[in-house]
Amino acid sequence: MIILLTFSQNHLELFTSWDVNAVLERIGSSHNIWLRCIHLRDRTAIATIVKYFGLNPSRVDMIFNHSSLGIDEDIEDCLFDGYEILTHQIKNREFEVARGSIVVGTNFIITFETTEVKILSILTNNLQKRTIDIQKWGIDYLLYLIFKDVLNNYHTVFDYLSRQLDDLEDEVLGNSSDESTYQKIATMRQSTRFVRRIFQSIKSLLAIMDYEDFSWLTPPVKELFHQELLHNVDSLWQEYQTLRAWMSELMEIQRDNIASKTGERINRLTILSSIFLPITFLSGFYGMNFKYMPELEQPWAYPTVVSVMALIVIGSILYAKKQRWL
């Protein structure tokens, strides 16, 4: 699906279609353009879009093959950024990740989304309803809004992570957890590990804005990036580090809990072995079948030996409980 948003001071229009040519025909030269390509896996269609906007043909492979995360500075036909966005939705006990590419030119932004990015859909709806005044701004301000919403998304994700970790901490500290709890924490930590790369990518973008030949942002929008988004990135980075440390701490505690429970099981088995060791000795002693064992002929021998065995078991159990081994 392709969503075309065109806007200028006196114009704002939204058009949706699966036909690339139909979408491109509706683009006016005097308008700013946001083209959202969702689930677009047709190389020919991608090549048509790349050619229409005068981009380097090598961009087709970069878009189709999901170029690695970060800003591409090798070709200067546009501002090209491969993105990854962590969502708070869970699949197979892991957080889902939205991947794609964003292309910025003089009057256009193209976002290629392998899966529909919810925050971009919300932004599109807000622009269509004119709840955000975009018409007096250029395309670079739209880029600012996209990055602003991406960062705001992480506040939601981190809040969700905090609530999940609160529940897991109750399990861990309440000693009601098992080995699956450790796996939950480990999976959560592993599925959020690449957030570091995302923030580094955004910081790299903010850093290259200071280059003298960086022409993709106007000074007012560049100032917005530095004043608002840079502080937001730093704040989120600190929160992310705190969450990672929290996960590591819970994993350590849970490892200790598992080791403690394993030790308790071993202690119980050891105590049981100690209780039945003298009984085994008596059984083995009277199983030697020597001819001259006078007590074997006595009528009281069997109940006496059984009573001694019972006393040994009861005495051993009472002693173990007194010592708090059981």
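Biologist: Is Val20 buried or exposed?
Modeller: Val20 is buried, because its relative accessible area is 9%. Buried means under 20%, exposed over 50%, partly exposed in between, with a 1.4 Å probe and protein chains only. This is a predicted model: local features need pLDDT of at least 70, side-chain atom pairs count only at pLDDT 80 or more, and totals for chains, interfaces and linings use all residues. Residues are numbered from 1 along each chain as its sequence is written, and side-chain values use heavy atoms, leaving out hydrogens and water.

Biologist: What does Val20 touch?
Modeller: Ile2, Ala45, Thr48 and Ile49, not counting residues up to four places away in sequence. Contact means heavy atoms within 4.5 Å.

Biologist: And where does Val20 lie?
Modeller: In helix H1, residues 20-25. Helices (H or I, at least four residues) and strands (E, at least two) are DSSP runs, numbered from the N terminus.

Biologist: Back to Ile2. What stands opposite?
Modeller: Ser17 in S2 stands opposite Ile2. Strands S1 (residues 2-8) and S2 (residues 11-17) pair in the antiparallel sense over seven bridges. Pairing needs at least two bridges found by DSSP.

Biologist: New topic. How many aromatic pairs are there?
Modeller: Twelve in the whole structure. In one of them, the ring centres of Trp237 and Tyr240 are 5.7 Å apart and the planes are at 40 degrees, so the pair is tilted. Rings of Phe, Tyr and Trp (its six-membered ring) pair if their centres lie within 6.5 Å; planes under 30 degrees apart are stacked, over 60 edge-to-face, the rest tilted.

Biologist: Which helix holds Trp237 and Tyr240?
Modeller: Both lie in H8, residues 219-285, three residues apart.
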